[in-house]
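Please read the following briefing alongside the sequence and the coordinates.

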Amino acid sequence: MATHWHRVAPVLVSVVLLGALSQSSGIRAFTLNGPSWAASSVPYLLNPANLDLSANAVEATIQSGAAVWANQTNASFDFSYAGRSAQTTITNDAVNLVIFRNASSGSTIATTYYWYNSSGLLDADIVFWDAGFDFFSGSSGCSGGFYIEDVAAHEFGHALGLGHTNVSGATMYPSISYCSTGPRSLHADDIAGVEALYPPSSPPPLPSIPTGFRIVTTP
Amino acid sequence: MPVDLNTPRTAPKPRLVLSLAVALLVASLASSNDALAQGPEIPVVERAQRADLIVVGEVEAVQSNWRVNEYGDRLIVSAVRLGSVETLKGQPPSTVTVEVEGGSIDGVTLKVSDLPAFTPGERAVFFLSRAPGRRLVPNLRGQGVMKLDQNDRVEGTGLSLAEIRQSVAAAGR
């Protein structure tokens, strides 16, 4: 029997595209690493020495990346910037450190190392693999690299206790396109994740009641 | 690329269409690897080309130890011993033990965002590099490990072990 490829082909391609779309449309939502911080505000230090930008530029853009989790959500948690450090190594020392390392690590742009015990998170350190990629600040001028703010937003998500999500477009999606400025804007999936870990201290306002309705309470 | 709308339409060639469809399917299925931490995704064929050794194995034991790495970081590192090993590329040692950062000692756990953690009984495809001291480490870090489910498909995707075998074989041609 002869196969009519001109009829089959569009179906095949459609099936493939549907498969690709289902991969990116959120089969699974946010994941939690398990532990969270006991404190509602966690300090971090930055060693701004790097190959691409001034220390001041790095300092500003790292703070912007860290702040998205407090500024764009109602979570009862924030990272507080505690200043610069000259430290270049990481370990479980209760110093939450961000560093740029003149080394590469496969295809990884940055890595978060987080430590915990039965009481919760103890330490979180973020390493940017500076030799592997070019880094940029702001939101323009990037070419063949990554904006630090967006990578930092993702890594601080790990540092507060979030894992990866399969929701394409979310900050905690495991990969990023070159020069993307998407991750600095949290997706609803990211917000749901951080607010599950650190519930808002005051409940969100109730929706307004349409006129013409009467609330009746029952015992 | 702009397309001239006046170009006569012809039926696509069967093999080309089928190859394109399979390639797209494999690419789409491989693109949701959870082990990544923001790196650009490397196609399976390229991962296979870069690796010194590729094995499919079941985790038999995990032993964690403190280690100071080449940068001076004091970390917990785990030696993951594999059993029932099937070799897809290279010459493995008699006992395959993969070293990954992360693990637990005395109630303290280190997790690393771009590397998976292992428990005995799990199966995975390991794309490995030889590191100093005859150590075997995942090539491309998290992208060097593809955990398999009970149906021999990569977790979180539909990519099958059979398709990975084909990609590894294609990488060697």
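In this predicted model, a polar atom of the side chain of A:Thr165 lies 3.1 Å from the backbone nitrogen of A:Val167, and a polar atom of that side chain lies 3.5 Å from the backbone oxygen of A:Ala29. A polar contact here is a pair of N or O atoms within 3.5 Å, where, within protein, one must be able to donate a hydrogen and the other to accept it, and residues adjacent in sequence count only if both atoms are side-chain atoms. A:Thr165 sits in the loop between α3 and α4 of chain A and is buried, with a relative accessible area of 0%; buried means under 20% relative accessible area, exposed over 50%, and partly exposed in between, with a 1.4 Å probe and protein chains only.

**Basis of the values**
- Because the model is predicted, local features need pLDDT of at least 70 and side-chain atom pairs count only at pLDDT 80 or more, whereas totals for chains, interfaces and linings use all residues.
- Residues are numbered from 1 along each chain as its sequence is written, chains are lettered from A and ligands numbered from 1 in the order in which they are written, and side-chain values use heavy atoms, with hydrogens and water left out.

**Chain A overall**
- Chain A has four helices and seven strands, which follow one another from the N terminus as α-β-α-β-β-β-β-β-β-α-α; helices (H or I, at least four residues) and strands (E, at least two) are DSSP runs, numbered from the N terminus.
- Of the 219 residues in chain A, 46% are buried.
- Among the contacts in chain A with a separation of 6 or more, 72% are between residues 24 or more positions apart, a contact being heavy atoms within 4.5 Å.
- The accessible surface of chain A is about 10,100 Å², and carbon and sulfur atoms contribute 56% of that area, as computed by the Shrake-Rupley method with a 1.4 Å probe, where for residues only the protein chains shown count as cover.

**Helix α4**
- In helix α4 (residues 188-197) of chain A, the buried residues are A:Asp189, A:Asp190, A:Gly193, A:Val194 and A:Leu197.
- These residues lie on the same side of α4(A), because they cover an arc of only 125° around the axis, the arc being that of the directions from the helix axis to the C-beta atoms.
- The buried residues of α4(A) pack against α2 (55-71) and α3 (148-160) of chain A.

**Disulfide**
- One disulfide is counted over all chains, the criterion being a pair of cysteine sulfur atoms within 2.5 Å.
- A:Cys142 and A:Cys179 form a disulfide with their sulfur atoms 2.1 Å apart, and their link is left-handed, with -75° about the S-S bond.
- The pair links distant parts of the chain, with A:Cys142 in the loop between β6 (135-136) and β7 (146-147) of chain A and A:Cys179 in the loop between α3 and α4 of chain A, 37 residues apart.
- A:Cys142 counts as buried at 16% relative accessibility, whereas A:Cys179 counts as partly exposed at 24%.

**Aromatic pairs**
- The whole structure holds 15 aromatic pairs over all chains; rings of Phe, Tyr and Trp (its six-membered ring) pair if their centres lie within 6.5 Å, and planes under 30 degrees apart count as stacked, over 60 as edge-to-face and the rest as tilted.
- A:Tyr44 and A:Phe79 form an edge-to-face pair, at 6.4 Å centre to centre and with 85° between the planes.
- A:Tyr44 lies in strand β1 (residues 41-46) and A:Phe79 in strand β2 (residues 78-84) of chain A, so the pair ties together parts that are 35 residues apart in sequence.
- A:Tyr44 is buried at 3% relative accessibility, and A:Phe79 is buried with a relative accessible area of 11%.
- Ring pairs link A:Tyr44, A:Phe77, A:Phe79, A:Tyr81, A:Phe156 and A:Tyr198 into a cluster.
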